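Below is a briefing on one protein model, shown here with its sequence.

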Amino acid sequence: MPRRLAPRPLPLGSPLQLLLLGCSFALAAYAGARLFADGWLSVTAWIVGAALLHDLMLLPLYALADRAVVRGLGAAGRRRLTPYVRVPAALSGLLLLVWFPLISGATAERYRSATGLSPDGFALRWLLITAVLFGGSALLLALRARRAAKHRPPRSH
């Protein structure tokens, strides 16, 4: 007769994690209710449009850029270097996507009239953040390479 395995208990986590998860669901439900209260059709169209824009236009661009990075770095042995380019490029691209209207200056007057603040400097700040992201990634790569070189056994001639 085959032995029956007892069902595993659900990995629920600590009570604090469950409380935080419940609060985040409640906040998301509240935000969703407020968002859809004014006009669910326009919000739904925006969400569907954003998904289609991402899947049909942006995802192929991500894949193409990633393939260019992998080929640009050379042989398959150098694939371990790609995250040091991928991560800062993805974060920089995300910031560009979110702040593009202000970086490009397309909504400068609307921003000024709505906030009373100057929209100048968004492009420069984005470039500085991008430089810091890539510089930090290069520094992290150099530190890890140095640490690996210290722990590598010496070569015999």
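Helices are DSSP runs of H or I with at least four residues, strands are DSSP runs of E with at least two, and both are numbered from the N terminus. On that basis R144 sits in helix α5. The model is predicted, so local features need pLDDT of at least 70 and side-chain atom pairs count only at pLDDT 80 or more, while totals for chains, interfaces and linings use all residues. Residues are numbered from 1 along each chain as its sequence is written, and side-chain values use heavy atoms, with hydrogens and water left out.

**Overall form**

- The protein has five helices and zero strands, and the order from the N terminus is α-α-α-α-α.
- The radius of gyration is 24 Å, well over the 15 Å from the globule rule for 157 residues, so the protein is more spread out than a compact globule. This radius is taken over C-alpha atoms, and the globule rule is 2.2 Å times the number of residues to the power 0.38.
- Along the principal axes, the C-alpha atoms fill a box of roughly 75 × 65 × 35 Å.
- Of the 157 residues, 10% are buried. Buried means under 20% relative accessible area, exposed means over 50%, and partly exposed lies in between, with a 1.4 Å probe and protein chains only.
- Contact means heavy atoms within 4.5 Å. Among contacts between residues at least 6 apart in sequence, 37% join residues at least 24 apart.

**Surface and charge**

- The accessible surface comes to about 13400 Å², and carbon and sulfur atoms account for 70% of that area. Accessible areas come from the Shrake-Rupley method with a 1.4 Å probe, and for residues only the protein chains shown count as cover.

**Helix α3**

- Helix α3 bends by about 65° at V98, and the proline P101 follows within four residues. The bend at a residue is the angle between axes fitted to the seven residues ending there and the seven starting there.
- The buried residues of α3 are Y84, P88, S92, L102 and I103. These buried residues pack against α4 (108-115) and α5 (122-151).
- After α3 comes G105, which has a positive phi near 85°.
- R86 belongs to α3, which spans residues 83-104. R86 counts as partly exposed because its relative accessibility is 36%.
- Leaving aside neighbours within four places in sequence, R86 contacts D66 and V70. R86 and F134 are 48 residues apart in sequence, with 9.7 Å between their C-alpha atoms.

**Helix α2 and the loop to α3**

- T82 is in the loop between α2 (40-73) and α3. With a relative accessible area of 3%, T82 is buried.
- Not counting residues up to four places away in sequence, T82 touches V69, V70 and L73.
- V69 is a residue of helix α2. V69 is in contact with T82 and V85, leaving aside its neighbours within four places in sequence.
- V69 and R79 are 10 residues apart in sequence, and their C-alpha atoms are 9.3 Å apart.

**Helix α5**

- G135 is in helix α5. Its relative accessible area is 37%, so G135 is partly exposed.
- The C-alpha atoms of G135 and P88 are separated by 9.0 Å, and the two residues are 47 apart along the chain.
- R144 has 46% relative accessibility and therefore counts as partly exposed.
- R144 and A65 are 79 residues apart in sequence and 25 Å apart in space, C-alpha to C-alpha.
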